[in-house]
Amino acid sequence: MTEQRTAARIVPASSLQAAVSKRTSTTQGLPDVKGLYDPDYERDACGVGFIVQMKNVRSHQLVEDGLAMLENLTHRGAVGADPLVGDGAGIMIQIPDRLFREEMAKQGVELPGPGQYAVAHFFMPQDAGEREFVHQIIHEASQSEGFTVLGIRDVPVDNSSLSRAPHIVASEPYHQQVFFNRPEGYTDEQYERRLYILRKVISGRLYAHHGNRDVGAYCVSMSSRTIVYKGMFLAYQVGAYYKDLRDPRTESALALVHQRFSTNTFPSWK
């Protein structure tokens, strides 16, 4: 084989210094280039954190640690004109099987073993009649894609930490979790892929029926492995809002958190 070599182009130090001087002359309020620091690499961005128990031992303490980490990222998020409104924050954890199993049993629903069912978290319309229509779409789409809806759970929340401004209150969704079976013959990866398709089919049917308008129904996550709790929050409001996250039965071996600074979209629950 012929060895390929890349020729290095030597740039005179005077040229580099001239380029640096030209670049930093337009940089306002930041230090000049020095050592490894270059103001061109400064970026506004969200805050993201991740914590994991390396041996996959689940605990509620890890969930609490994830929420504490999220609160320590408060400075990476944005706050609106209303000081109780943020651009958004959330946490992804493993499915808390013990919590869901015991809560669904109260409805008479016996969930299959861990990994044999999936959970979707939905932002739903506040109007009960509109929610019933969304439920109908979910059932129809599930049947067409080879799934069965095992049950629907109302997610307990406490919105006392949120702003009481009328337009903020009106935008808050109703929260529900939908449980799906695992069809026979699916591997873990096939199951996750089919769930992704189901999620898109549900959202597609909802938009098509309403002329591509947002009707307040949005699937936050759908998986047999993980679940997402998020919203139009400041960092501390995530744990204060979702009662599940304070329940000792909510256990996980990982937590991925996000404190949002919206730079390319208008902030919304969706």
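**Close-up views of a predicted model**

**View A. Both F100 and F179 are buried.** The model shown is predicted. A pair of aromatic rings is described by the distance of the centres and the angle of the planes. The count of aromatic pairs in this structure comes to eight. One of them joins F100 and F179, edge-to-face, with 5.4 Å from centre to centre and 85 degrees between the planes. This pair links distant parts of the chain. F100 sits in helix α3, F179 in strand β5, and 79 residues separate them.

**View B. F123 and Y218 form a tilted pair.** Their ring centres are 6.2 Å apart and their planes meet at 40 degrees, so the pair counts as tilted. Here too, distant parts of the chain are linked. F123 belongs to strand β3 and Y218 to strand β6 (residues 218-223), 95 residues apart. Is F123 buried or exposed? Its relative accessibility is 2%, so F123 counts as buried. Y218 is at 23% and therefore counts as partly exposed.

**View C. Helix α3 has its buried residues on one face.** Which residues of α3 are buried? They are D97, L99, F100, E103 and M104. Seen down the helix axis, these buried residues fall within an arc of 160 degrees, so they line one face of α3. An α-helix has 3.6 residues a turn, so residues three or four places apart point the same way. The cover over the buried residues of α3 includes β3, β4 (149-154), β5 (174-181) and β7.

**View D. The largest nonpolar core has 37 residues.** In soluble globular proteins, nonpolar side chains tend to be buried together. In this core, I91, F100, Y229, Y242 and L245 touch the most other members. Two or more residues come from each of α2 (60-71), β2 (89-94), α3 (97-105), β3 (117-124), β7 (226-231), α7 (235-241) and β8 (254-259). Helix α2 gives the largest share, four residues.

**View E. Y242 belongs to an aromatic cluster.** The cluster is formed by Y229, F233, Y241 and Y242. What does Y242 touch, not counting residues up to four places away in sequence? The contacts are H121, F123, V155, P156, V157, H175, Y229, K230, F233 and W269.

**View F. Four strands form an open antiparallel sheet.** Strands of a sheet pair through backbone hydrogen bonds, either parallel or antiparallel. The strand order is β1-β8-β2-β7. At the edges are β1 (47-52) and β7, each pairing on one side only. From one strand to the next, the twist averages 10 degrees. How many bridges join β1 to β8? There are six, and the two strands run antiparallel. In one of the bridges between these elements, V52 has L254 of β8 as its partner. Helix α2 lies across β1, β2 and β8. It runs at about 20 degrees to β8.

**View G. S142 is a buried residue of a helix.** The helix is α4, residues 128-144. Why does S142 count as buried? Its relative accessibility is 1%, and the cut-off for buried is under 20%. S142 touches F147, V149, F180 and L198, leaving out residues up to four places away in sequence.

Methods: Residues are numbered from 1 along each chain as its sequence is written. This is a predicted model: local features need pLDDT of at least 70, side-chain atom pairs count only at pLDDT 80 or more; totals for chains, interfaces and linings use all residues. Side-chain values use heavy atoms; hydrogens and water are left out. A nonpolar core is a set of buried Ala, Val, Leu, Ile, Met, Phe, Trp, Tyr and Cys residues joined through side-chain atoms within 4.5 Å. Buried means under 20% relative accessible area, exposed over 50%, partly exposed in between (1.4 Å probe, protein chains only). Contact means heavy atoms within 4.5 Å. Two strands pair if DSSP finds at least two bridges between them. Axes are lines fitted to C-alpha atoms, for helices over the stretch in contact, and angles run from 0 to 180 degrees between N-to-C directions. The arc is that of the directions from the helix axis to the C-beta atoms. Rings of Phe, Tyr and Trp (its six-membered ring) pair if their centres lie within 6.5 Å; planes under 30 degrees apart count as stacked, over 60 as edge-to-face and the rest as tilted.
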